[in-house]
Amino acid sequence: MIKTRRSNEFHVILMGSNQYKLREEMSSSFASIYSRFPFENWLNASTLTFSLKNRYAHTDLPKVSFQEYRRKSLQNSNVSTKRSIDERKTSSYVMSFVGGVAGLYGFKSHLLHYIVSLAPARNILAEAQIEINLQDIPVGKVSVFKWRGKPIFIYHRSQSIIEQEKVINVATLRDPETDDQRVKRAEWLIVIGICTHLGCIPIPNSGIIRGGFYCPCHGSHFDASGRIRKGPAPTNLEIPEYQFLDDDTILVG
């Protein structure tokens, strides 16, 4: 504590860790006048009490510094920020790009989850394509296979049947197609065994045409090339997509 007296003023300075500073000013010339009036004495006492209650505690707080959070290029306050603007923009662009790529990857993974859930089941995919061995089908016979829930007729035609179908006048047919347009190899006819009228299943090697197909439901007759020749069916038997893997194997689908 340090006490000083100057010009009839009494100063009290408290010095310590809290650094409180108090100041009291009293004029000796007016002390006798104030003592005569109680109201003035009360006002003076209140002013002194208010002064004593003022604590300048902010003076002992350290100045906040954010220097450790600043970029290295901006730590020097004497250097203009324009010199490092390109470097700072590059960092921002790189972070934005990385964040965008990560966001797109997450969106793709989330979207793929829903797409996979809409995909067909494994048993449906297993029936999408079937491989058929042709060695087990003798000449003149028709074998029936199931493909995508539909019957497939594979007809091993004899040479006489092939010649019979090649000489047909296409102009007389309801759905004109030559025999060469309906087969990839002359000895093998591959069609979907569903009548194009109302979806019945024709009977192979029956009807009014030798080696043809007959639908007993409404009397449609197809020849040995699967072309409609008589009856209510509007079009020829449908040909599925297929290919020969070798001389004795085909892949349907």
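Which residues form a nonpolar patch on the surface? In this predicted model, where local features need pLDDT of at least 70, side-chain atom pairs count only at pLDDT 80 or more, and totals for chains, interfaces and linings use all residues, the patch is formed by Phe 107, Leu 111, Leu 112, Ile 115 and Val 116, with about 500 Å² of accessible area together. Residues are numbered from 1 along each chain as its sequence is written, and side-chain values use heavy atoms, without hydrogens or water. Patch members have over 30% relative accessible area and no salt bridge, with nonpolar side chains joined within 5 Å; areas follow the Shrake-Rupley method with a 1.4 Å probe, and a salt bridge places a Lys or Arg side-chain nitrogen within 4 Å of a carboxyl oxygen of Asp or Glu. Val 116 lies in helix 3 (residues 85-118) and is exposed, at a relative accessible area of 56%, exposed being over 50%.

Five bridges join strand 6 (residues 150-156) to strand 7, and Tyr 155 has Leu 189 in strand 7 as its bridge partner.

Another open sheet, also antiparallel in its pairing, has four strands in the order 8-9-10-11. Strand 8 (203-204) and strand 11 (228-230) each have a single partner strand, so one side of each is left without a neighbour in the sheet. Strand 8 pairs with strand 9 (residues 213-215) over two bridges, and Ile 203 has Tyr 214 in strand 9 as its bridge partner.

Notes: Pairing = 2+ DSSP bridges. Patch = residues over 30% accessible without salt bridge, like charges linked within 9 Å, V, L, I, M, F, W, Y side chains within 5 Å. Buried < 20%, exposed > 50% of the residue type's maximum accessible area, 1.4 Å probe, protein only.
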